Amino acid sequence: MMHSRFWIGRLFWTGAVLTFVALLAGAISLVLRAVGDAGGASGVWGVFLVAACAWVIDLVSLVALLAWRAIQEDGAPREPPR
């Protein structure tokens with residue numbers, strides 16, 4: 001049970017960092033496109049897309065881990081109520 005708390009914390013922090021990277025890359029891409037550097041904007045847009053895909057994977061992993069932890073709790077009912 002303690003290991004899941006560690007990984008939940010890691011997934012939260014990873015999601016925060018990925019959000020920051022995606023926002024920063026998106027802003028830089030817009031600035032580069034505005035000043036006329038289409039090649040640089042495309043490269044930074046690729047960084048944004050990778051960060052966005054990793055963020056989605058992180059979110060799915062976090063939801064799965066939280067659901068698994070909720071199921072494994074000692075106080076959780078084992079059978080559905082009648």
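Buried means under 20% relative accessible area, exposed means over 50%, and partly exposed covers what lies in between, using a 1.4 Å probe and protein chains only. This is a predicted model, in which local features need pLDDT of at least 70 and side-chain atom pairs count only at pLDDT 80 or more, while totals for chains, interfaces and linings use all residues. Residues are numbered from 1 along each chain as its sequence is written, and side-chain values use heavy atoms, with hydrogens and water left out.

View 1. Let us start with L32, which is found in helix α1; helices here are DSSP runs of H or I with at least four residues, strands are runs of E with at least two, and both are numbered from the N terminus. L32 has a relative accessible area of 21%, so the residue counts as partly exposed. Not counting residues up to four places away in sequence, L32 touches D37, G40, A41 and V44, where contact means heavy atoms within 4.5 Å. From L32 to S42 the step in sequence is 10 residues, and their C-alpha atoms are 9.0 Å apart in space.

View 2. With a relative accessible area of 3%, S29 is buried. Its contacts, leaving aside neighbours within four places in sequence, are A41, V44 and W45. G43 sits in helix α2 and is partly exposed because its relative accessible area is 43%. Although G43 and S29 are 14 residues apart along the chain, 8.1 Å separates their C-alpha atoms.

**View 3. G36 in the loop between α1 and α2.** Here we look at G36, placed in the loop that joins the two helices α1 and α2. A relative accessible area of 60% makes G36 exposed. For a sense of scale, G36 and F12 are 24 residues apart in sequence, with 36 Å between their C-alpha atoms.

View 4. S4 is another residue of helix α1. Its relative accessibility is 5%, so S4 counts as buried. Which residues is S4 in contact with, leaving aside its neighbours within four places in sequence? They are L65, W68 and R69.

**View 5. A70 in helix α2.** A70 is located in helix α2, which covers residues 38-72. A70 and V60 are 10 residues apart along the chain, and their C-alpha atoms are separated by 15 Å.

**View 6. The aromatic residues F6 and W7.** Rings of Phe, Tyr and Trp (its six-membered ring) pair if their centres lie within 6.5 Å; planes under 30 degrees apart count as stacked, over 60 as edge-to-face and the rest as tilted. By this rule there are two aromatic pairs. In one of them, the ring centres of F6 and W7 are 5.1 Å apart and the planes meet at 80°, so the pair is edge-to-face. F6 is partly exposed at 40% relative accessibility, and W7 is partly exposed at 46%.

**View 7. A nonpolar surface patch.** V17, F20, V21, L24, I28 and V47 make a nonpolar surface patch of about 510 Å². Patches consist of residues with over 30% relative accessible area and no salt bridge, with like charges joined within 9 Å and nonpolar side chains (Val, Leu, Ile, Met, Phe, Trp, Tyr) within 5 Å. A salt bridge is a side-chain nitrogen of Lys or Arg within 4 Å of a carboxyl oxygen of Asp or Glu. Helix α1 (residues 2-35) gives the largest share of the patch, five residues. One member, I28, is found in helix α1 and is partly exposed, with a relative accessible area of 39%.

**View 8. Stepping back to the protein chain.** The secondary structure comes to two helices and zero strands. Along its principal axes, the C-alpha trace spans about 65 × 25 × 15 Å. Of the 82 residues, 21% count as buried. Among contacts with a separation of 6 or more, 64% join residues 24 or more positions apart.

Technical notes:
Areas by Shrake-Rupley, 256 points an atom, 1.4 Å probe, with all protein chains shown as cover.
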